[in-house]
Amino acid sequence: MLAYTLTRLLYLALVLVVMSVLIFLVTQAMPGDVASMIAGQFASPEVVQAISVKLGLDQPLIVQYGRWAAGILHGDLGRSLVLEQPIAPILMEALARSLVLAVVALTVVAVAGIGLGVLAAVRRGKLTDQMVSGISYLGIAVPDFFWAIVLVLVFGSYMKLLPTGGYTPVAEGVLPWAAHLVLPVVTLVLMLLARIARLTRSSMIDVLQTNYVKFARAKGMPESVVILRHALKNALLPTITVLAIDFGLILGGVVVIETIFSYPGMGRLLLFAIQRHDLPLIQATILVVSAAYCLANLVADLLYAFVNPKIRHGMRTA
Amino acid sequence: MTTAPHTRSAVPPVAVPAPASRPAAPLLDVRGLTISYGTGRGTLRAVSDVGFSILPGEVMGLVGESGSGKSTVAMAVLDLLGEGGRVESGEILFRGTDLRRLAPAERRALRGDSIAAVFQDPFTSLNPALTVGRQIAEPLIRHKRLTPRQAAVRVEELLGEVGIRDPRRVAAAYPHELSGGMQQRALIATALGCEPGLLILDEPTTALDVTVEARIIDLLAKLCDSHHLSALFVSHNLGIVNRICQSVTVLYGGVVVETGPTGRVLSRPAHPYTKGLIAALPRITAERRARLPSIPGTVAKLSGPPAACVFAPRCPFAEETCRSHPQEMRAEGDGTGVRCWKADALATTSWPDEGGTAPRRGALPARSAPLVEVEHLRKIYGASTSILPWLRRAGTVAVDDVSFTIDRGEVLGVVGESGSGKSTIGRALLALTEPSAGTVLFDGADFPQQVRRGDQTLRRRAQLVFQNSAASLNPRKTVGQAMERPLVLAGRGDAEERRRTVAGLLTRVGLPAAYADRYPHELSGGERQRVNIARALATDPEFVVCDEAVSALDVSVQANILNLLAGLRDEMGLSYLFITHDIAVVAHIADRVLVVYGGTICEEGPVGRVLRPPYHPYTEALLSAVPRLAEDGSEPPRILLEDSALPPGGRGGCAFAGRCPRKLGAVCDEQAPPVRETDQGHRIACHIPLATLAERAPVFPKLAGGDAAAR
Amino acid sequence: MTAASPAPRRLSSRRSALPVSLVVGLVLLAPLLVAAFAGSWIAPYPYDEMNIMSRLQPPGPEFWFGTDEFGRDVFSRTLVGTGSSLLMGVAATALSLMAGVPLGLIAGYKGGRAGEAIMRAMDVLMSFPPILLGILVLAVTPPAQWKAIVAIGIVYVPQVVRLARAITLELMQEEFITAARLRGESAAYILFHEILPNIWPPLAVEASLRVVFAILLGASLSFIGMGAQPPSSDWGLMIAEARPFVEQAPWIALCPGFALAIAVIGINLLGDGLRALLDPRNTGSH
């Protein structure tokens with residue numbers, strides 16, 4: 001297990017390096033020039049040139065990358081051109097809000113999705129199964145932004161039950177904070193629930209046909225024990241992986257949903273940076289988002305290995 | 001003799017005086033059991049009107065080939081038929097109570113408690129996510145209301161009872177950390193836990209190696225005896241049934257064709273099918289036949305009650321009556337029943353024999369250079385030289401310094417258990433895997449090297465017949481397309497000529513030429529294996545590797561294929577490398593044999609010599625583990641091997657040292673054993689002196705005489 | 001079937017029963033396909049005809065699904081948008097298949113250094129969240145629909161490569177591939193005649209699901225302004241444009257939303273049906 005984790009961490013570091021180079025190169029190719037943006041629309045070419053020299057933008061790309069990367073390693077993500085603030089605190093704040101969204105939404109998805117999936121698998125082919133399948137189809141049939149609009153319309157505009165957008169910090173009261181979370185979370189759940197339920201259902205059906213489930217029944221175990229202790233434990237492996245990856249996705253910002261609900265998470269920050277051509281902010285955000293995604297992938301693999309005794313032991317002895 | 005009353009059990013209660021000590025009320029009494037499966041193409045009758053009874057303390061064998069319905073019966077007793085399976089009618093009386101009348105919860109309460117089961121594949125029967133101890137404890141906690149702590153104590157007792165030396169470690173282990181034999185012991189411990197009255201054993205040793213199988217069977221026999229257990233023993237292996245069962249019921253096409261005491265049924269079979277099944281079994285002791293008696297055709301599937309004798313289409317004794325009237329069970333004394341109206345008339349008639357005897361050949365006179373020469377072959381899998389120190393691996397030694405030759409027209413058998421490296425040897429010979437060291441010469445040319453250089457011409461001369469007849473044919477190509485391709489590659493003839501060649505090849509392997517238009521899934525397993533052989537023959541090869549080519553087939557089909565292979569050898573002068581785990585098959589078909597263990601050759605020589613002392617200790621153990629029929633002579637004292645030891649190979653000593661019952665000491669672990677020649681090319685690699693090895697009594701004293709001599 | 005039965009069974013017998021989901025999927029998709037190819041001819045109004053007099057009209061006899069803020073007929077725009085939306089999905093999927101299948105075949109068949117290099121490159125690509133990769137590609141230059149298609153295509157290449165490689169690896173273990181090597185077939189023959197015919201059924205199923213993801217991702221990109229550009233009619237774009245008016249005129253968003261739902265459900269059912277149809281377990285006569 002330790003050797004495996006070490007290898008994966010080493011690999012993650014490598015991927016992050018490659019990614020940072022890619023991000024740096026791509027953002028360099030973006031239209032817009034940092035020096036002229038700082039100087040403003042009406043600055044003379046001399047002024048722009050001066051700023052360029054001052055920021056080191058006239059130096060070769062490799063040197064610029066080196067300075068940028070070195071800064072990141074020291075925790076310095078640079079300064080936002082548009083917001084005119086250091087990027088790190090802004091990013092941390094957005095990341096924290098995305099984290100809240102991810103934790104709440106995925107808890108709901110995990111509980112409901114696994115429950116529905118197991119139910120559908122156990123009652124395979126019966127009415128319950130078909131109903132779960134039907135609901136699953138609804139969830140995946142329509143893009144998340146469409147659900148978001150419908151939810152805003154129904155709960156916000158017509159029923160006036162919930163705020164349709166924005167965010168208030170917990171400090172200003174738990175209730176308003178929670179109220180702002182409800183609609184984005186429900187949208188996310190609608191989007192993710194179907195996949196988790198279907199995945200759990202199909203792996204559960206596979207496991208229910210295995211010999212060890214048959215043997216558990218031959219031992220006279222009641223169905224509840226067969227399903228929960230013998231089958232579910234093995235059926236959950238793929239589901240756990242997908243949940244962890246989804247976690248990374250939400251952490252990295254769900255651009256569309258955050259935009260619709262004006263939720264100030266990573267996604268909205270990224271879109272804001274791109275729309276305003278704030279190159280340092282774009283670079284930093286994309287890097288953090290990708291790192292979060294990679295990390296979630298790593299956690300997914302480690303979790304998978306940890307839950308699966310076969311892999312866990314194989315790695316210990318290897 | 002009377003006909004059994006049809007309405008009641010198929011096996012009427014026989015008027016045999018019961019043992020005085022206890023009443024003869026059967027523990028399990030199955031009557032008129034009919035089971036069907038709903039499939040996409042309508043219902044399939046898996047079991048028709050099956051009846052039998054098991055007395056307390058009796059082990060009854062339920063034998064039959066695939067599709068006979070034997071496992072279905074076992075699952076019906078357990079109420080675990082699975083999706084689509086339905087008991088149409090019949091009674092399953094356990095201690096006098098019809099299980100079918102019980103509520104599901106009541107049946108569940110019996111399962112694992114009074115009726116326990118052990119299934120075929122121990123690895124898949126254990127839950128990979130739970131420790132072995134926990135899985136054994138489950139029924140104890142459930143049925144016997146033990147606390148987890150009490151259960152843990154009992155688990156260790158049970159593991160000790162099934163012959164596991166360190167119960168504590170095994171209880172804490174996960175299934176994948178145990179060997180197959182240990183896993184099966186754990187399953188048996190689970191079944192014994194609640195002290196059941198009846199064991200359902202569904203092919204409990206089929207997935208295991210022969211030496212492990214022998215130990216498990218001995219254990220089961222001992223336990224049934226000491227616990228006064230009754231068992232329903234489902235198996236396809238007559239030798240195993242002979243070893244453990246007091247009575248036997250033979251199923252064919254979902255119908256009981258014969259039942260009776262094991263000794264009588266196996267030595268004097270009454271039903272033609274039983275006769276054929278026993279005759280078709282390759283045996284070590286029987287006089288070597290040029291051809292095995294075989295049962296033509298394949299099992300027919302029923303969709304309703306049988307309208308004729310189910311076996312009539314394949315029966316050489318069938319008459320018009322057989323094809324128009326369903327047969328009824330005819331009971332005789334001593335619990336015997338036969339479903340054949342001609343049984344009495346056929347009492348002294350045995351199954352037709354197709355060929356004469358064929359004395360075993362000794363070493364062939366060296367006429368010319370051997371066809372295949374293998375020198376110091378070595379193959380290591382999974383070696384890795386990563387820059388990360390913790391990812392470096394030495395790899396697993398699959399084949400370790402193996403040398404041998406195959407003469408033209410010779411059949412060389414390779415016998416070994418799983419992990420012996422026997423398949424790797426075959427693949428290396430055909431340049432399908434690159435040897436890590438050593439040379440493989442085919443007719444004097446370095447085969448792997450030629451292939452590496454892109455020269456594939458030798459491929460036409462050396463071919464392979466696979467074990468899995470289904471997987472070796474591309475499902476999306478017709479038989480004709482599959483067979484034509486080697487001809488195209490060899491540039492033989494135009495389309496019309498190739499078509500004729502394909503038709504000729506199909507005829508040669510005993511299939512209608514029209515089969516060229518069929519897809520593989522439209523053929524039976526035996527037919528597919530014939531297609532595989534025909535395809536291998538397409539380019540007139542001189543050498544064919546048969547890698548477990550008959551292992552996946554039923555006995556009756558296996559005999560057909562073995563006969564076909566023997567016939568082709570005689571007609572075309574083919575050489576075979578015959579790889580198998582079944583020493584009886586090798587004894588039947590091979591001229592010479594290599595016994596391999598852990599990637600090394602333990603013993604080699606003419607078949608007749610290898611079957612007699614002096615034996616390599618592993619050969620001796622292997623032979624003593626072979627299940628045998630009554631007429632093969634009484635069972636010898638079994639040489640018991642540990643279920644498994646460290647992964648063998650590549651440690652400098654003898655590969656077998658870890659499991660060897662006759663290990664001398666450190667010398668076996670540290671030094672490679674010397675290879676000593678007895679005579680006639682018979683060599684043994686062992687530290688024990690030949691004279692000492694020769695002192696052992698023969699495992700098969702009744703070997704047919706004179707066959708060790710060179711022709 | 002016994003050995004004696006003479007007439008070889010033809011494949012036709014197993015094609016007789018089409019899975020229900022396949023039929024329903026096709027029925028759902030048929031009108032969309034018609035709209036995709038003939039949308040501008042059947043549409044009651046030109047998709048870009050503005051009419052200030054009839055802004056934000058609710059559904060009625062004149063405008064079946066109402067009008068948008070420029071007085072354009074929502075139904076006509078949805079019809080015409082079908083082509084654009086489906087094209088995004090189909091073209092992007094085709095792109096990822098064209099790049100991914102050969103790479104996956106090579107990685108699976110060859111293995112070794114080349115295979116390793118391909119898989120590591122795919123790992124890096126997979127390290128980006130899908131929509132982020134799209135945004136990254138699109139943010140470099142001014143947005144356009146074809147760029148969105150390319151971006152989505154690239155996003156899904158790694159998944160296709162992985163699947164193609166996994167199936168190839170699995171097939172490589174099959175004995176009929178060994179049989180092909182044994183008779184000295186070339187790598188090209190094995191790849192194209194032995195492996196490819198067995199790889200396309202699962203790929204077809206995968207492709208149908210990819211189209212769904214691609215359509216949804218395309219709609220999302222259009223929604224945030226990085227896909228189809230105004231004034232063209234695209235479902236994602238239409239929903240984005242409808243957002244400010246959603247309280248006054250929800251129908252503008254609903255019509256393309258329903259169209260999307262029908263497309264997605266239809267293709268999903270088609271995929272499920274294909275899976276059932278192509279499953280080898282359903283084709284045998286045993």
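I began with chain A, whose secondary structure comes to 14 helices and zero strands (DSSP runs numbered from the N terminus: helices are H or I of at least four residues, strands are E of at least two). This is a predicted model, so I noted that local features need pLDDT of at least 70 and side-chain atom pairs pLDDT 80 or more, while totals for chains, interfaces and linings use all residues. Residues are numbered from 1 along each chain as its sequence is written, chains are lettered from A in the order in which they are written, and side-chain values use heavy atoms, with hydrogens and water left out.

**Chain A**

I found that the C-alpha trace of chain A spans about 85 × 60 × 35 Å along its principal axes. Of its 318 residues, 49% count as buried (under 20% relative accessible area with a 1.4 Å probe, protein chains only; exposed is over 50%, partly exposed in between). I also looked up contacts (heavy atoms within 4.5 Å): among those in chain A with a separation of 6 or more, 70% join residues 24 or more positions apart.

From UniProt I took the feature "domain: ABC transmembrane type-1" (unreviewed entry) at residues 95-304 of chain A; such annotations may be inferred rather than shown by experiment, and positions follow the numbering used here, with feature names shortened. I see 82% helix and 0% strand in that span, with its end C-alpha atoms 25 Å apart.

**Chain A against chain C**

I next turned to the contact, which takes 36 residues from chain A and 37 residues from chain C. The buried area is about 3,200 Å², and carbon and sulfur atoms give 79% of it (accessible area, 1.4 Å probe, that two parts lose on being put together, summed over both).

I got a count of one salt bridge here (a side-chain nitrogen of Lys or Arg within 4 Å of a carboxyl oxygen of Asp or Glu). A:R198 and C:D272 meet in a salt bridge through their side chains at 3.5 Å, N to O. On the chain A side, the elements giving two or more residues include α1 (2-28), α7 (144-158) and α13 (279-307).

**Chain C spans**

For chain C, UniProt (unreviewed entry) lists "transmembrane region" spans, among them 86-109 and 211-229. I find residues 86-109 to be 100% helix, with end C-alpha atoms 33 Å apart. Residues 211-229 are 68% helix, and their ends lie 21 Å apart.

**B:H271**

My last stop was B:H271, in the loop between α10 (262-267) and α11 (272-279) of chain B. B:H271 is buried, because its relative accessible area is 1%. Beyond four places away in sequence, B:H271 touches B:V257, B:E258, B:F311, B:V338, B:R339 and B:C340.
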